[in-house]
Amino acid sequence: MATPGEFTLRAYLNGRMDLSQAEAVADLIASESEAAHTVALQQLRGGFKNEIQRLREELIHFASLVELELDFSEEDVEFADRGQLKALVLKIHGFIQALLQSFALGNVIRTGVSTVIAGRPNAGKSTLLNVLLNEERAIVSDIAGTTRDTIEEILNIKGVQFRLVDTAGIREAQDQIEAIGVARTMEKIGQASIVVYLWDVTGMTLSEVYADVQALYRPGLKMIVVCNKMDRNPYFDTDWLLAPGSEGIFPYLKGEGEAIPEPPAFMHELAGIIALSAKNEQNIEYLKEKLFEAGTGGALNLESTVVTNARHFEALQKAGEALQDVLTGLDTGITGDFIAQDIRRSLAYLGEITGEIGVEDLLANIFGKFCIGK
Ligand SMILES: Nc1nc2c(ncn2[C@@H]2O[C@H](COP(=O)(O)OP(=O)(O)OP(=O)(O)O)[C@@H](O)[C@H]2O)c(=O)[nH]1
Ligand SMILES: [Mg+2]
């Protein structure tokens, strides 16, 4: 009987693939979206391995310069100019930082983007969920407070998974169950990467919209304001939410004729303001584009290396910290043997990624997760 991951383990032990490639086999099997598949395949083909290899070579080159100096320490010579050494370390450090930063995108690709649809009762949240999914998933009715629990479904946009959450409308709850639903909505918003705030363009004043957005907004959150039920208010213009001192004629908007409120500063930090009609399926594609943009940071560049594995991320982080110590060492002018130690530490962490350094206990952990016969 083969044990879990045995064939991949053998390929690794026989030097046919490195550890990062072996892990990519597992990622490939587990991949549920096109983007995850692409990234795993790239890693399997050795993309990530080569990147780490290049970093190691640069580091080894650097280490040899420092160690050479150590060998001749009696003679008090310096083979490598300290300024040059520093430039080299900074370069390697920069590579590591870039890889570390790619982990955010790696997470998006591997686990998807949690996206919450929130707003007041009857705004059309469940209608929007259904239209996005192209399926009658949630109950829609004109009774305020129809959705009481959260409903989660996956939407695939251009190969990336968005975990959509439809929520109970936010208001003063009328009973205990609704109160639990609203509490759950707030909890989901707290965990979300993207919040789609939906409001009915025939039912609210601009001041009410600003107040709602402010209540849900937090710095770093990607928030898209969706002005729904456009079909019932064809004059509506999204600029009304941003342009101070517009004419003050907001046909059909609640509060028409009232003083125009100044748009608060956070309105300019939103990931998008879109007018659409969920019921008539108008402008839905544009919302999907905005979601994709907010979720992936624009274009999804899978050509360059993307770190998707938490183990790799941690090893890179530690390798980066060791290099930071090298930099501090160079700045404070400590002796070469201490610097060499930090370089070796950094090398060891990089070696953990590819499996070139003793990682016995890691192996059981990685291959144990495979199923038998892979
Ligand atoms: N005219 C028009 N009506 C819409 C639109 N979107 C939703 N509606 C209607 O608005 C009502 C409420 O829609 P829902 O999708 O149930 O609203 P909700 O935000 O999920 O409401 P709760 O679950 O109660 O919080 C329904 O009668 C929908 O048909 C739209 O774009 N135009
Ligand atoms: Mg609903």
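Helices here are DSSP runs of H or I with at least four residues, numbered from the N terminus. I'm keeping in mind that this is a predicted model.

I started with the ligand.

Next I went to helix α2 (residues 19-30) and helix α3 (residues 34-44). Their axes come within 8 Å and cross at roughly 155°. Angles over 145 degrees count as roughly antiparallel, so α2 is roughly antiparallel to α3. I noted the hand as well: the crossing of α2 and α3 is left-handed.

Which residues meet there? On the α2 side I wrote down S20, Q21, A24, V25, D27 and L28, and on the α3 side H37, A40, L41, Q43 and L44. By class, the residues of this contact divide into six nonpolar, four polar and one charged.

I looked up R82, which lies in helix α5, residues 82-111. Is R82 buried or exposed? I have R82 down as exposed, because 11 other C-beta atoms lie within 10 Å and the cut-off for exposed is 12 or fewer. I also checked R82 against L330: these two are 248 residues apart along the chain, yet their C-alpha atoms are separated by 7.1 Å.

K158 has phi near 45°, a positive value in a residue other than glycine. I found K158 in the loop between β2 (151-157) and β3 (160-166). K158 counts as partly exposed because it has 14 C-beta neighbours inside 10 Å, which falls between the limits of 12 or fewer for exposed and 20 or more for buried.

The other lysine is K229, with phi near 70°, again positive in a residue other than glycine. Where does K229 sit? I placed K229 in the loop between β5 (222-228) and β6 (272-275). K229 has 23 C-beta neighbours inside 10 Å, so I logged this lysine as buried.

Note on methods: Residues are numbered from 1 along each chain as its sequence is written. Chains are lettered from A and ligands numbered from 1 in the order in which they are written. This is a predicted model: local features need pLDDT of at least 70, side-chain atom pairs count only at pLDDT 80 or more; totals for chains, interfaces and linings use all residues. Axes are lines fitted to C-alpha atoms, for helices over the stretch in contact, and angles run from 0 to 180 degrees between N-to-C directions. Helices (H or I, at least four residues) and strands (E, at least two) are DSSP runs, numbered from the N terminus. Angles under 35 degrees count as roughly parallel, over 145 as roughly antiparallel, 65 to 115 as roughly perpendicular and the rest as oblique. A crossing is left-handed if the near helix is turned anticlockwise from the far one by less than a right angle, and right-handed if clockwise. Two residues are in contact if their C-beta atoms, placed from the backbone, lie within 7 Å. Ala, Val, Leu, Ile, Met, Phe, Trp, Tyr, Cys and Pro count as nonpolar, Asp, Glu, Lys and Arg as charged, and the others, Gly among them, as polar.
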